Amino acid sequence: MKQKFDKWDTRYMEMAEHIATWSNCLRPERHVGAVAVYDKRVICMAYNGAPVGVKSCKERGGCMRQKLNIASGTQSERCYSVHSEQALVCNAAKQGLSLDGSTVYCTHQPCVVCLKLLINAGVARVIYKNEYPDEFAREIAAELGFEMVKIN
């Protein structure tokens, strides 16, 4: 059955896409933004990038993953950036905000590590726009009956 999305879903995804432009990743196709929403109110937002105080790949003059020829969707620990979903959970925690029952709009499907963090943070569902090569994340979501759906 095809998922129905409303104007609010579209608006929040557009917001996530805008937030993604703030990423300091060298690869534009990997600029990722995330927005957490509860009851049509934005709770928190984030983008992928180097942790505070750590030089980004732009500042280093190149992408470590490209230099090491690491395939997308693998060895995420071999990157200077924090995923947008991880940053979202951290930002909410730093501000004392609960993500319980929220919907997260993300420009890309979460990897399995991010999905597990979102689930444990109480996120109710994830709506994403672009695929990410992590079948295990989709398997975990399906096993739990966790709503993780692609918007067009």
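How many residues lie between strand 1 and strand 2 in their hairpin?

**View 1. The hairpin of strand 1 and strand 2 in this predicted model.** Strand 1, residues 33-38, pairs with strand 2, residues 41-47, in the antiparallel sense, and 6 bridges join the two. Within this pairing, glycine 33 stands opposite tyrosine 47 of strand 2. The hairpin has 2 residues between its strands, and aspartate 39, which belongs to the turn, has a positive phi of about 55°.

**View 2. The crossing of helix 5 and helix 6.** Two packed helices are described by the angle between their axes and the distance between the axes. Here the axes of helix 5 (residues 112-120) and helix 6 (residues 135-144) come within 8 Å of each other and cross at roughly 30°. Because angles under 35 degrees count as roughly parallel, helix 5 is described as roughly parallel to helix 6. The crossing of the two helices is right-handed. Helix 5 contributes Val112, Leu115 and Ile119 to the contact, while helix 6 contributes Phe136, Ala137, Ile140, Ala141 and Leu144. Sorted by class, this contact has 8 nonpolar residues, with no polar and no charged ones.

**View 3. Asparagine 69 and glutamine 75 in the loop between helix 3 and helix 4.** Most residues other than glycine have a negative phi, and most peptide bonds are trans. Asparagine 69 counts as exposed, because its relative accessibility is 71%, whereas glutamine 75 is partly exposed, with a relative accessible area of 42%.

Note on methods:
Residues numbered from 1 in each chain as written. Predicted model: local features only at pLDDT ≥ 70, side-chain atom pairs only at ≥ 80, totals over all residues. Heavy atoms only, no water. Pairing = 2+ DSSP bridges. Helix = DSSP H or I, 4+ residues; strand = E, 2+ residues; numbered from the N terminus. Axes fitted to C-alpha atoms, helices over the stretch in contact; angles between N-to-C directions. Parallel < 35°, antiparallel > 145°, perpendicular 65-115°, else oblique. Left-handed = near helix turned anticlockwise from the far one by under 90°. Contact = heavy atoms within 4.5 Å. Nonpolar A, V, L, I, M, F, W, Y, C, P; charged D, E, K, R; others polar. Buried < 20%, exposed > 50% of the residue type's maximum accessible area, 1.4 Å probe, protein only.
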